[in-house]
Amino acid sequence: MAKFVKIKRYNYDRRRQRNARIFRNVVIIAIVLIFGAVGWFAFDPINQLVSDFQLPNWGQSQGEASSEATSPSSASSASSASSAPVVPDSGEHTGLPERTAYLPTQTLFNPTALSSALDSLKAQGVEGVAFELKDSTGVVLYDSQLEIVANNLALSTVPYSLETVTASILEHDMTPVGILYTFKDHVSTASMYDAAVKYMDSQINWIDNAQSAGGVPWLNPNHPMARDYLVQLVDEASRRGVEYIMLDGLQFPEGYSLELATYGNTGPLDKSAVLADFVAEAEAAAASNGGEVWPVINLTSLSGLSTICCGEQPELILQAAGRAMVDVRPEQFGAGITTEELTLSEPLLDPAGTITAVLAICQDTLEAASSEEGTPVQLAAMVQAYTSTAVTGAGNRTYTAADVVSQEEAAAEYGMEQFYRYSPSGIYPQQ
C-alpha cells in the first residue's frame, strides 16, 4: 500500500490574480479621470457642434414643415428660409386693395389653375384675392396646425397649403385676403358641445330648422369657448401671412324657432355688444401680427330692417374694428320688401337704385359709428358679380360687368372706397 504524502500548496496563483485585479481597477480609474478631463474641456465646442447640426427633412409632412416654419423658435430666421411664411410687418398696412375678388377653394390646389385665375383677375383690374379659411359649415380649409382644430375634427380632409397660396398671390403682385366664417359653424359644435346655441337653456343643441329639412346647430356668439376658437384661427392665419381677414357669418342665428334658442345669458342679451366684443378680440389678435379684421355686415342688419342677426346697435360692430365690409348685394332682398321705412320692388332689376335706397336709411347708423372726434369708420362694399338663382321670372336678369360697376359707384356715393366683387364660381362678367 502506497504511503500517503501530503502535498504543500502555495498561493502564488491567487496573489497573481489579486494583483491583476488591483492593476485593472487602477487602469479603469485612470481612464475615467482622463475622459472626464477631456469632456470637461471639450464640452463647449461639442455642444455647439451638436446644436448647429440639423437632420435632413426626410419624411416630414408639408403640415409639419409649415408648423416648424411658424414656430416662435424659428420666427427670427423665417424671412431667410424659402419655405417660410410671409408675415406682414406689424402695424404697417398698405390698405385693403381697391378691388378684391373671390376665388373658390378648388382653384387653390392646382398651381397652374391658380396662376391662370390670378392672371385673369389681374387683367380685370383686381388687386386683392379673397379665399376661404373656414367655410360656412365650419370646415377649416387650410393646413391649420392648431390643436383645437384637430380636436374639433374640423380640418378638411384635403387642406390647401396656406403658405403656397399666399406666396402665389404675392408673386402676382396681389394681396391675400382671408374669409373666416364665424358662428355659422355646425362642425365644431359636435366637439365643443357646450359652446353651441342651446334649446331653452337645456343641454340640447338648438338647430335652425327641422333635422329632416337640414337643420344644423350654431356656435354661440355669447360663449367664450366659441369666441376663443375663432380668435385662435384669426391669430394663426394673420401670423402665417394673411394680413386682411373678413369675418363672415358674423351674426346670431337665423332660421326657425328662434324664440327657443338660448345663449347662456342671465340678463337681457345685447346682440350688438356681444358681436362687437368678439370683433375687438379678433382685431387685437390680428393686429398683434400686423393684420386687421373686416367684419362683414349686410344691408338688412346695418339699416335696422332686421335686428335678428346683429341686434339694435350695429354701429357698435363697426366701431369695434374701425372698419366694416358692407354686403350690398341686391340678392339679399329677394323679390322685394315693404317696410315702414322702405319699399323695394324687384330689387335685382335695378342694383344701383336698390343700394342707394337702402344706404340712404343707414346714415344715422354710419354717423353713430364715427369716432368721438367725428372720424368715420372705413367702409368697403361687397358687390354682386353674378346672376342670382334665388329669384326667377321677370324679377331677375343676367348681371353684366356694367351692373357690377354700377353697384360700386352707388356704394362710393356713401363713402365706400374699396370693393369686394363676389361670384361663388369665381367667374366674373367681362366688359
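Predicted model: local features only at pLDDT ≥ 70, side-chain atom pairs only at ≥ 80, totals over all residues.
User: What makes Asp143 and Arg240 a salt bridge?

Analyst: Their closest N and O atoms are 2.8 Å apart, and the limit is 4 Å, so the pair qualifies. Asp143 sits in the loop between strand E3 (140-142) and helix H4 (147-151), and Arg240 in the loop between H6 and E7, so the pair ties together parts 97 residues apart in sequence. Helices (H or I, at least four residues) and strands (E, at least two) are DSSP runs, numbered from the N terminus.

User: Why is Asp143 called buried?

Analyst: Buried means under 20% relative accessible area, exposed over 50%, and partly exposed in between, with a 1.4 Å probe and protein chains only. Asp143 has 7%, so it is buried. Arg240, at 0%, counts as buried too.

User: How do you know that Arg227 and Glu281 form a salt bridge?

Analyst: The closest N and O atoms of that pair are 3.0 Å apart. Arg227 in helix H6 and Glu281 in helix H7 (residues 271-287) are 54 residues apart, so the pair links distant parts of the chain. Arg227, at 10% relative accessibility, is buried, whereas Glu281, at 33%, is partly exposed.

User: Which residues join Glu408 and Arg421 in a network of salt bridges?

Analyst: Glu98 and Arg99 are linked with them in that network. Glu408 and Arg421 meet at 2.7 Å, N to O. Glu408 lies in helix H12 (residues 401-412) and Arg421 in strand E14, so this pair ties together parts 13 residues apart in sequence. Both of these residues are buried. By this rule the count comes to 14 salt bridges.

User: Why is Asp173 called exposed?

Analyst: Asp173 has 64% relative accessibility, so it counts as exposed. Asp173 lies in the loop between helix H5 (162-171) and E5. It has a positive phi of about 55 degrees although it is not a glycine.

User: What is the phi of Met200, and where is Met200 found?

Analyst: The phi of Met200 is near 50 degrees, a positive value in a residue other than glycine. Met200 is in the loop between strand E6 (198-199) and helix H6 (224-239).

User: Why is Ser406 called buried?

Analyst: Ser406 has 18% relative accessibility, so it counts as buried. Its place is in helix H12. Ser406 and Pro351 are 55 residues apart in sequence and 7.4 Å apart in space, C-alpha to C-alpha.

Key:
Residues numbered from 1 in each chain as written. Heavy atoms only, no water. Salt bridge = Lys/Arg side-chain N within 4 Å of Asp/Glu carboxyl O.
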